[in-house]
Amino acid sequence: MRDGTDRVHSNPITPSSVHSPPSSALSSQLHSPSLSRSPLLHSPEHPQATSSTTKPKTGHKITFSHTPPVVSAPPSQMHSPFMGTPDRPVTMPPSGARTPMAYIRSRNLTPRFLTPLGSPLRKALHLTKLDPTDAWLPITESRNGNAYYAAFHTLCSGIGIQALVLPVAFTILGWSWGVIALTLAFIWQLYTLYLLVNLHESPETGMRYSRYMQLANAAFGERLGKLLALFPIIYLSAGTCVALIIIGGSTSKIFFQVVCAANECKAETLTTVEWYLVFTCGAVLLSQLPNLNSIAGVSLVGAITALGYCTMIWTISLSEGRLPNVSYNPVRVGSDVSKVFDVLNALGIIAFAFRGHNLILEIQATMPSSEKHPSTVPMWKGVKVSYTLIAMCLFPLAIGGYWAYGQMIPPSGGMLTALFAYHSQDVAKSVLALTSILVIINGLSSFQIYGMPIFDELESIYVMRFKKPCPWWLRVIIRALFGFTCFFVAVAIPFLASLAGLIGGIALPVTLAYPCFMWLKVKKPRAHSPIWWLNWGLGIIGMILSGLLIAAGVYVIIDNGVKLNFFQPE
């Protein structure tokens with residue numbers, strides 16, 4: 001993964017580095033508005049800093065040149081409010097002041113482009129320079145995001161088909177422990193989400209950690225950071241894309257069958273592999289959007305469709321009532337070891353329901369940031385809105401689904417499979433078709449945001465080697481190659497969705513443990529303070545749970561067995 005950071009390279013301005021304009025300069029250049037915006041004139045050591053407003057000599061006509069501003073910035077700052085915002089436009093003061101120093105005194109403020117994230121170095125007038133190569137990569141190519149974009153991306157990445165499996169965990173944990181475990185997990189992951197949002201930028205150093213791996217490397221060191229976080233992050237991105245192809249292709253086949261059955265058509269359906277290919281082609285076509293900000297509309301569609309099908313499924317399940325002879329007694333059979341691992345596997349399913357933490361820093365990197373308007377504020381607003389909606393989906397799905405189906409909930413597919421298995425004859429075909437198409441659209445939308453870190457990493461290899469942006473034709477090849485590689489894995493390993501507990505154990509440190517340790521390392525809270533104990537406790541518990549969940553996932557797979565239908569998707 002790319003382990004650079006957006007660093008502040010600052011060069012202090014000294015008297016020797018500031019030169020007065022030559023005496024032969026034109027008066028129109030001395031009084032140009034572009035010169036009045038120069039950062040050098042804000043220095044107290046400038047030779048003209050104490051001069052009063054000068055009046056033009058009689059007989060000389062004053063003109064204002066339209067030369068370009070002398071302030072320059074790397075391309076990655078072009079969308080940043082460091083260069084001025086609508087609430088602080090660069091205009092001449094109403095007082096009629098015409099000389100540069102009178103203009104500056106009338107404004108009585110420090111230019112925002114000289115304020116690197118509220119750093120105390122602002123008094124030394126250090127200039128902020130971001131890594132120019134970031135302007136060539138998909139995640140940081142555009143930095144004009146806002147709270148709405150953050151809410152769209154977070155909601156699209158934070159809720160998905162994995163939420164429909166939550167009632168399966170309740171079949172093992174039961175009512176009380178199921179609700180307690182789900183509530184604690186939601187609060188825990190929301191706290192670590194808060195930590196990540198506040199770790200994105202450092203007011204002390206002026207750095208912005210635009211990728212999860214960058215923050216991991218800064219906190220743990222490059223070698224340990226890659227060892228701990230590289231595989232889980234790649235697995236969460238690429239593995240999720242593979243799972244989306246499996247779910248999207250299978251649901252596309254169901255959608256065709258429902259529509260054909262309703263219209264009594266005799267068209268022959270495609271095979272499962274062919275439906276995987278159709279879904280992959282749609283995902284690859286959408287993946288040609290250039291950067292993370294450009295898919296904000298796609299994420300909005302994904303968020304709406306996720307809320308739509310989750311709400312429809314639990315509403316239909318409740319309206320149809322409980323199944324006959326439904327039971328709520330927890331399923332605990334076998335030896336004591338088997339029972340313990342079953343419980344741990346259920347906790348892994350709950351952990352797998354909360355995803356998207358590996359994308360939070362990337363989403364926040366699309367926002368501008370300054371001392372007065374840090375990116376933390378709009379990002380946290382977007383997160384609060386999105387996770388309020390996520391909670392409104394997850395809890396009804398888990399509780400309502402378990403109430404409706406009890407122990408009869410299908411372990412594979414969860415409530416989506418139960419909807420078609422138990423209510424295909426009771427519910428209108430149009431409702432079943434609408435639910436299916438919403439799942440398909442959400443899968444296509446989620447594929448884009450989860451694939452973006454992989455696109456960013458692959459393109460960074462070219463950018464770092466050749467020091468120039470990735471050409472459009474190579475970008476098309478890279479993204480198509482990734483999409484069809486995921487298609488190959490989906491065909492080769494179609495039982496990947498059966499490994500939900502194991503996947504939850506592998507992903508758990510990225511969500512629940514690493515943010516706590518990174519906060520301790522970067523923020524350095526006072527030893528033995530409440531926040532110090534809280535983060536150490538949550539981090540250690542998270543790592544222990546991760547190890548136990550991985551062991552439980554492996555044990556359940558070995559004990560219960562998984563149908564290893566390699567290259568034979570059903």
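Here is a short walk through this structure, from the whole chain down to a few of its residues.

What you see is a predicted model, where local features need pLDDT of at least 70, side-chain atom pairs count only at pLDDT 80 or more, and totals for chains, interfaces and linings use all residues. Residues are numbered from 1 along each chain as its sequence is written, and side-chain values use heavy atoms, with hydrogens and water left out.

Let's start with the whole chain. Its secondary structure comes to 17 helices and zero strands; helices (H or I, at least four residues) and strands (E, at least two) are DSSP runs, numbered from the N terminus. Of the 570 residues, 52% count as buried, where buried means under 20% relative accessible area, exposed over 50%, and partly exposed in between (1.4 Å probe, protein chains only). Take contacts (heavy atoms within 4.5 Å) between residues at least 6 apart in sequence: 83% of them join residues at least 24 apart.

Ser252 gives us a look at a buried spot. This residue sits in helix H7 (residues 222-263), and it counts as buried because its relative accessibility is 8%. Setting aside neighbours within four places in sequence, Ser252 touches Trp275 and Ile440.

Now for the rings. The whole structure holds 19 aromatic pairs, meaning rings of Phe, Tyr and Trp (its six-membered ring) with centres within 6.5 Å; planes under 30 degrees apart count as stacked, over 60 as edge-to-face and the rest as tilted. One of them joins Trp175 and Tyr328, a tilted pair at 5.6 Å centre to centre with 50 degrees between the planes. Trp175 lies in helix H5 (residues 166-199) and Tyr328 in the loop between helix H9 (296-320) and helix H10 (336-353), so this pair ties together parts that are 153 residues apart in sequence. Ring pairs also link Trp175 and Tyr328 with Phe170 and Tyr402 into a cluster.

Another tilted pair is Tyr462 with Phe466, at 4.7 Å centre to centre and 40 degrees between the planes. Both lie in helix H14 (residues 429-466), four residues apart, about one turn of the helix. Tyr462 counts as buried because its relative accessibility is 16%, while Phe466, at 44%, counts as partly exposed.

Back to Trp175, which is partly exposed, with a relative accessible area of 31%. Together with Leu318, Ile399 and Trp403, Trp175 forms a nonpolar patch on the surface. Trp403 belongs to helix H12 (residues 376-405).

Terms used: Patches are made of residues with over 30% relative accessible area and no salt bridge: like charges are joined within 9 Å, nonpolar side chains (Val, Leu, Ile, Met, Phe, Trp, Tyr) within 5 Å. Accessible areas come from the Shrake-Rupley method with a 1.4 Å probe; for residues, only the protein chains shown count as cover. A salt bridge is a side-chain nitrogen of Lys or Arg within 4 Å of a carboxyl oxygen of Asp or Glu.
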